[in-house]
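Trainee: I would like to go through this model one question at a time. Could we begin once it is on the screen?

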Amino acid sequence: MKGRFLQTPEAVAGTAILVLLAIMALAAPLLFPGDPLRIAGPALTPPFQDWTLPLGTDRLGRDVLAELFHGARTSLVVGLAAAAASLAVGAVIGTLAGFAGGLADEALMRLTDAFQTVPSFLLALAFVSIVGPSLGVVVMAIALSAWTGPARIARAEVLSIRERDFVAGARVVGMHPLEIAFREVLPNALPPVLALSSIIVAQAILIEAALSFLGLGDPNRVTWGGMVAEGRTVLRTAPFLSIVPGIALVVTVLGVYLAGEGAVESAAVRKGLS
Amino acid sequence: MTRTLRLVRRRLVGSVFVLLIVVVGSFLMLQAAPGDAVDAYVVSMGGDAGLVESLRHAWGLDQSIWTRLANYLWALLHLDLGWSVTFSRPIRDVVLEHLPNTLLLMGSATALSFFLGSALGIVAGARPGSLRDRLLSTGSLALYAVPSFWLALVLVIVFAVDLRWLPIAGIETIASGKTGLARAADIAWHLVLPVSALGFIYLALYLRMMRAGMAEVWRQDFVLAARARGLPRRRIVLAHVARNALLPLVTMLGLQSAQMLGGSVVIESVFSVPGLGRLAQEAVAGRDTPLLLGIILVSAVTVVLINLAVDIAYALLDPRVGANEAAA
């Protein structure tokens, strides 16, 4: 079964993009040490002219290539952290709702509905503007609305698992209901929940970019969305400055989608064969 | 008809609970924000410490959190969303003024992504696994990976800055004095870029859902029967396969409405469309938390109403919906 994952050209491309991106993010402090937000050369140097500044500089004279590398760090950190947080919260809430049933289930599901009713971007915007922009707050703001999908899937899984024999067995043995829920049921309900992770990572990267674009990103970090916003002020004379970080975003998010789709497909194939 | 009515009633009861949770959540966020309504009022209207004290007392802000929550709910029941510092006007009026533009943008973008997306989905799903299918599926995924604000900027660079075909921003030509149809055409002209930026991104959802649904239907017996009867392929694709895969897309319309609203927030700020999104940004810039939460409440109500409308449409389209409930 090994190698299944990389069978479609789409999955190969997606994985290659993600590996490249991880290398970019890890190498950023080595290749471009120091603060990427410092002034590195004359303002608005066009790309491909000065080979110490291959992609030129922005309106304030900052090295665009260095910013691009450091921006990869922010996007990846936010994407992964927000996805991890929302999967964890969603899995716990979904398991509790599905396993407890009755009134608790009803209440938790209405809570999920409520979070899905408020546009996630508006919720994130309000949360960041009230608490104040920093990387942690941005991650929390994104996770605040992204946990609902995992919660629904986890609940549906738990509902089908909790009637199985091994759960009844655990009850007979006298395990505490919470112990059954989290040690017996949750691990079995996880695979379909994890299948959502690529979509959540991708959406998290896009929401972070949009927040930064509107000036609500962490002001002490380079973000691709912030770079686009910065370049927007010189859109007529140097459109390059807002186009390049945007392409980085598109490639990153597409890589996440493609790799995720490949993983889900290969899991489906494996399941079908076993 | 009673079947539909029963469904609507059940949904309405559920929606009331959901909105109640949203309200309590927004109240908690309001409490967490620095400053209260009196601070806001004094900032915009002026006043000394004595006025602050008496206002706090008059507005009940010196009472316990439960009393304040009750007051907040009571005010909302009377459609009173509070006072906006940035506009020095009631929040309800400001928000309702900006809502139509957002609905127009959202509605047009949804229509674009739904019709174009499902049409391309039919093209892709006509032959699942073909080259055309893979190109469309992956291509739409690439489009779905594009940040909306960036697509908006690229469209501006190409069509408004370089080619000068379309207006760069705004919802209509300022002080043009146009009325009636001429004004409507002017607004439509201004909306071409914002609607494209928003609509093209979400097109992927409908395309992929249509395609997946069709791939499913192709395996069913009645399709085999239609082929055995020797029906032309075009007819099988449209009348049998696509038609049966179309229904789930209607549900998607409702589910997507919240995301569309969120998406238009960003797009409006790029194109300076005076809608809820632009308003939200002004609220953030002016640290006007009550206004921001008012926008959230109105958006939540909008999303609930859209979903209700979709549910009704769905029940009318598909006689199976709610049928077993009626039996129970």
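Mentor: One definition is needed before helix packing: axes are lines fitted to C-alpha atoms, for helices over the stretch in contact, and angles run from 0 to 180 degrees between N-to-C directions. Bear in mind also that this is a predicted model.

Trainee: How are helix α2 (residues 64–100) of chain A and helix α5 (residues 135–146) of chain A oriented to each other: roughly parallel, roughly perpendicular or oblique?

Mentor: The axes of these two helices of chain A lie 8 Å apart, and the packing angle is about 45°. Angles under 35 degrees count as roughly parallel and those from 65 to 115 as roughly perpendicular. The relation of α2(A) to α5(A) is therefore oblique.

Trainee: Is the crossing of α2(A) and α5(A) left-handed or right-handed, and how many nonpolar residues does their contact have?

Mentor: The crossing of α2(A) and α5(A) is right-handed. From α2(A) the contact takes A:Val78, A:Ala81, A:Ala82, A:Ala85, A:Ser86 and A:Val89, and these meet residues of α5(A) including A:Leu135, A:Val138 and A:Ile142. In this contact of α2(A) with α5(A), 1 residue is polar and none is charged, and the nonpolar residues number 11.

Trainee: Which residues of α13(B) does α5(B) meet?

Mentor: Helix α5 (residues 91–126) of chain B packs on helix α13 (residues 289–317) of chain B at about 50°, with 10 Å between the axes. That angle makes the pair oblique, and the crossing of α5(B) and α13(B) is right-handed. On the α5(B) side are B:Ile91, B:Val94, B:Val95 and B:Leu99; on the α13(B) side they meet B:Pro290, B:Leu291, B:Gly294, B:Ile295 and B:Val298.

Trainee: Where in chain B is confidence lowest?

Mentor: Chain B has an average pLDDT of 82, and 94% of its residues score at least 70. Within chain B, α5(B) has the highest confidence, at 89. The lowest, at a mean of 50, is in helix α14 (residues 323–327) of chain B.

Trainee: How many nonpolar residues are on the side of chain A that touches chain B?

Mentor: The contact involves 37 residues of chain A and 39 residues of chain B. On the chain A side, the elements giving two or more residues are α3 (102–117), α4 (120–131), α9 (197–213), α10 (224–232) and α11 (240–273). By class, that side of chain A has 5 charged and 6 polar residues, and its nonpolar residues number 26.

Trainee: What ipTM does the model score?

Mentor: Two scores are given for the model as a whole. Its pTM is 0.87, and its ipTM is 0.84.

Definitions and conventions: Residues are numbered from 1 along each chain as its sequence is written. Chains are lettered from A and ligands numbered from 1 in the order in which they are written. This is a predicted model: local features need pLDDT of at least 70, side-chain atom pairs count only at pLDDT 80 or more; totals for chains, interfaces and linings use all residues. Two residues are in contact if their C-beta atoms, placed from the backbone, lie within 7 Å. Helices (H or I, at least four residues) and strands (E, at least two) are DSSP runs, numbered from the N terminus. Ala, Val, Leu, Ile, Met, Phe, Trp, Tyr, Cys and Pro count as nonpolar, Asp, Glu, Lys and Arg as charged, and the others, Gly among them, as polar. Angles under 35 degrees count as roughly parallel, over 145 as roughly antiparallel, 65 to 115 as roughly perpendicular and the rest as oblique. A crossing is left-handed if the near helix is turned anticlockwise from the far one by less than a right angle, and right-handed if clockwise. pLDDT is the predictor's confidence in each residue, from 0 to 100.
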